[in-house]
Amino acid sequence: MRDLRTSPGWRGADLTYRAAELGLQSARARAGLTVQAGASASLSKFPWDSGDWALSPAVTASFALPVLPWSPQREAVRSAERALSAAAIELRSARAGLTVQALQAYASARNAAAARQLAAAQLALADNLLHVAGQQREQNLISQAALLERQAAAEQARAAAEQTDRGLTLAAAQLSRVLGRSVTLSGNPADYAPVGTLVPAGLLEQPLDALLARARAQRPELARAQAGLADAQAALAAAERDQKVPDLTASVQAGQVSGSGAGRTVGGSFGLKSGTVSGQVNFPLTEPTTKVTAPGPDGAPVTREVALPSGLALNLSGTFTLLGSGRSQATAQAQAATEQAALALDSARQGVELEVRSRFADLENARDALTAARTSLTRAETGLNDARARLEAGLGTALEVAQAELALTQARQTLANLEAQVALAALNLAQATGDLDPLLLTPPGERP
């Protein structure tokens, strides 16, 4: 399990969840108070023929804060929260899926090692039978066809042994793909521990209806579909609001608001549709002035520079689209997207329920086959004891004992395979309900 946590699939799932976390952090940052500062400078000469060059540096500051619940920034936070919740379920499911894949590959390797041992025993017995058949043919006790039949059986046993070698190599490749590193497997079944059967306590004793309910609440497909439906519903609400609510903006500005507007001012605005309050400060570093022409003492016009006067300006503006807005079409499109998301959720729910039912049936079938395999093992043990008793009594042959030993080996392998199938079926069912915690299969001292 330590190797599994460093596999590409495991690390990729971690990175996907981390990306969702960063997305939520970014959305929250954009939905909070935003403050910006800037600086500007202008060089002007007016009038061109007789004026002097004037440098006007200024510093500016502004802020923005979404205050209404329908502001795009706040809706982005809610969408990111839904995405993170779905990503958390997806992370757990991805880890569980990788755990099941690793255990399946391990079980395949264990079965391949057992099959290799059985194939070796079958080959030894087939070679022995072929040797006996050769002796019988030399004594003209059997026909040539019977000898060829024994020879074909030996060749098939040899081919089966070679096939098990390839199966063990393939199992090692499958496990290497899951773990992301090269793995060398032993061909001795005794080197393999039984497949882990750790699932949440009491899960396998629950009825099918309870398992279906757990899957509906915990499966990542449903979490993603529910998040998609919530996003579609939010988009529909935004489209309807955009169609009904006018684009109204109220603003206020105080300070040196006359003249060119380059004086020291403080202002604020509120947008109804955007739901955002914003403010601005403009502070020229030089005293802003304006030129005023007035009659002099001798009656001649005199131009002089005076400071900009201070005042207050209130503004209310609204925009109403009369034709060509496309908002009704956007609302209809959002409605269709919402219906599509609802259908996707229903389809995902049906798929999850079908998978749980299938996994539940697989577990029941494996349990039933395990009971029959235990009976077959008892029968094979009894058959071997009988063959040995007949041999001791002079009523049987060593070949019959060898065949009974082979039958016992086959029965034991069948039972071991079915025990692994039951364990994997239980893990698959726990994965299908969303209850499989991959850390349950990790020793406590190795858990992250």
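Residue L65 lies in strand β2, which covers residues 53-66, where helices (H or I, at least four residues) and strands (E, at least two) are DSSP runs numbered from the N terminus. The structure is a predicted model, in which local features need pLDDT of at least 70 and side-chain atom pairs count only at pLDDT 80 or more, whereas totals for chains, interfaces and linings use all residues. Residues are numbered from 1 along each chain as its sequence is written, and side-chain values use heavy atoms, with hydrogens and water left out.

With a relative accessibility of 32%, L65 counts as partly exposed, because buried means under 20% relative accessible area, exposed means over 50%, and partly exposed lies in between (1.4 Å probe, protein chains only). Together with L33, V35, F63 and V67, L65 makes a nonpolar surface patch of about 420 Å². Patches are made of residues with over 30% relative accessible area and no salt bridge, like charges being joined within 9 Å and nonpolar side chains (Val, Leu, Ile, Met, Phe, Trp, Tyr) within 5 Å. The accessible areas come from the Shrake-Rupley method with a 1.4 Å probe, and for residues only the protein chains shown count as cover.

Strand β2 also belongs to an open sheet of six strands, arranged in the order β1-β2-β5-β4-β3-β8 with antiparallel pairing. Strands β1 and β8 stand at the edges with a single partner strand each, so one side of each is left without a neighbour in the sheet. On average, and with direction ignored, neighbouring strands of this sheet are turned by 15 degrees against each other; axes are lines fitted to C-alpha atoms, for helices over the stretch in contact, and angles run from 0 to 180 degrees between N-to-C directions. Two strands are taken to pair if DSSP finds at least two bridges between them. Strands of a sheet pair through backbone hydrogen bonds, either parallel or antiparallel.

Strand β1 (residues 34-45) runs antiparallel to β2 and is joined to it by twelve bridges. Within this pairing, A41 stands opposite P57 in β2, and T34 has A64 of β2 as its bridge partner. On the next step, nine bridges join β2 to strand β5 (residues 276-284), and these two strands run antiparallel; here A61 has V281 in β5 as its bridge partner. Further along the sheet, strand β4 (residues 265-271) pairs with β3 in the antiparallel sense over seven bridges, with T249 standing opposite G271 in β4. Strand β3 (residues 247-255) pairs in turn with β8, again in the antiparallel sense and over nine bridges, and A254 has L312 of β8 as its bridge partner.

Strand β8, which covers residues 311-319, also contains L314. This leucine, L314, is exposed, with a relative accessible area of 68%. Although L314 and S251 are 63 residues apart in sequence, their C-alpha atoms are 6.0 Å apart in space. When neighbours within four places in sequence are left aside, L314 is in contact with S251 and V252, contact meaning heavy atoms within 4.5 Å.

Charged side chains were examined next. A search of the whole structure finds 18 salt bridges, a salt bridge being a side-chain nitrogen of Lys or Arg within 4 Å of a carboxyl oxygen of Asp or Glu. One of them is formed by D165 and R116, whose closest N and O atoms are 2.9 Å apart. This pair links distant parts of the chain, since D165 is in helix α4 (residues 144-179) and R116 is in helix α3 (residues 72-138), 49 residues apart. D165 is partly exposed at a relative accessible area of 35%, and R116 is partly exposed with a value of 35%.

A salt bridge with an N to O distance of 2.8 Å is made by the side chains of R216 and E353. Distant parts of the chain are linked here too, with R216 in helix α5 (residues 208-218) and E353 in helix α7 (residues 327-392), 137 residues apart. R216 is partly exposed, its relative accessible area being 34%. The side chains of R388 and E405 likewise meet in a salt bridge, at 3.5 Å from N to O. This pair joins R388 in helix α7 to E405 in helix α8 (residues 398-433), 17 residues apart.
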